[in-house]
Amino acid sequence: MESKKIANGILRAVLILAAIVLVGYFLYAIRSVLAYLAIAAVVALLGRPIVLFLRRKLKFPNTVAVIVTMVFMVSIFLGILALFIPLINEQSKNLSLLSVEDLQKNLNLLYAQIMDYLGTSTSDVNNLIRDSEIEKNVLSGINLNFIPNLLNSVVNVVSEFSIGLFSVLFISFFFLKDSKLFQNGIMTFIPDQKEGNTIKSIDKINNLLSRYFGGILLQLFILFVIYTVTLLIVGVDNAIVIAFLCALFNIIPYVGPIIGGTIMIVLTMTSHLGMDFSTVILPKATYVLIGIVIGQLVDNFFSQPFIFSNSVKSHPLEIFLIIIIAGLLFGITGMVIAVPGYTAIKVILKEFLSDNAIVQKLTKNL
């Protein structure tokens, strides 16, 4: 009898493990669909305040409010594309990203100007710029052939973009039209006695994350304005697109601002190649660095505390630790989804484990 129980236990464990593996494989196989659902959920959360405004203040029917909201959001998106694609293309040509030889030449020129500023004789610098022999090329050890491959990958991604965009818009429309659609899908797997707490959790998560993503947009807009003003004052070509792309990196907590700031400084320096390094390039790069510092100070002492305290109801130090832990466990992706995921977990814990002392302390502001 005892051996039969052990055998049944082993069989049950094997079946459970096999089910977990199958579910994991299934989720991996449909990862694109899951990504579309996640993006559509974010779009729906961003559009939710607009739909509610149109329905409650302007008395629009629900379907009309959703259609107007979708048209508004798509118009903004297409407007951004129409504005930035030509600028990105022009900036790419200016940086010679389509030509490895030109890019290497520009980087050598910038290097030569820096060496000249640091005390290298002008004749040595001129000889270095004119000399095209591989053994005397400063960057000869750097293989830049990855750039065309990277651009080809980008082209492949763009070719699949239309399918993803249509899928996201289609799913977002129904998420906005039927706000309970996602909730009803979840409720299918929830026991009857837990339905009340689950509904409360979903509603609270929707409200908090809607404010959070709206706060993120405000954060990016503030940085975009600061970066744009800085680059326009300095006189950098295509200041708007550079500011937009670098502000966008701020979505990645802590690491993103460093990447965006580095790109801004490098693009500032390469956009003034051929000018005097000490009187033109270095001062302009310094002014851009000052603008980046100002933007980050505003972001760290105003935007982020505002977003974290008023949207997700969490202390900035608490968020910092969660982001670092998520980054160590799951990399950049973990850092990006750390705050929304942590917020959802806190709400669920508050609804289902409200009697726990630790949960009460963690969720007292919710």
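The legends below describe close-up views of a predicted model.

Residues are numbered from 1 along each chain as its sequence is written, and side-chain values use heavy atoms, with hydrogens and water left out. Because the model is predicted, local features need pLDDT of at least 70 and side-chain atom pairs count only at pLDDT 80 or more, while totals for chains, interfaces and linings use all residues.

**View 1. The chain as a whole contains 13 helices and zero strands.** Helices (H or I, at least four residues) and strands (E, at least two) are DSSP runs, numbered from the N terminus. Buried residues account for 31% of the 366 residues in the chain. Buried means under 20% relative accessible area and exposed over 50%, with partly exposed in between (1.4 Å probe, protein chains only).

**View 2. Two of the spans that UniProt lists as "transmembrane region" are shown, residues 287-307 and 319-345.** The listing comes from an unreviewed entry and also includes residues 9-28 and 34-54; UniProt positions are given in the numbering used here, feature names are shortened, and annotations may be inferred rather than shown by experiment. Residues 287-307 are 100% helix and 0% strand, with end C-alpha atoms 28 Å apart. Residues 319-345 are also 100% helix and 0% strand, and the end C-alpha atoms of this span lie 13 Å apart.

**View 3. K346 and E318 form a salt bridge through their side chains.** The N to O distance is 3.5 Å. A salt bridge is a side-chain nitrogen of Lys or Arg within 4 Å of a carboxyl oxygen of Asp or Glu. One salt bridge is found in a search of the whole structure. K346 counts as buried because its relative accessible area is 4%.

**View 4. K59 sits in the loop between α2 (31-56) and α3 (62-94).** The phi of K59 is positive, about 60 degrees, although K59 is not a glycine. With a relative accessible area of 65%, K59 is exposed.

**View 5. F175 belongs to helix α6 (residues 146-177).** F175 is buried, since its relative accessibility is 17%. F175 and L37 are 138 residues apart along the chain, and their C-alpha atoms are separated by 9.7 Å.
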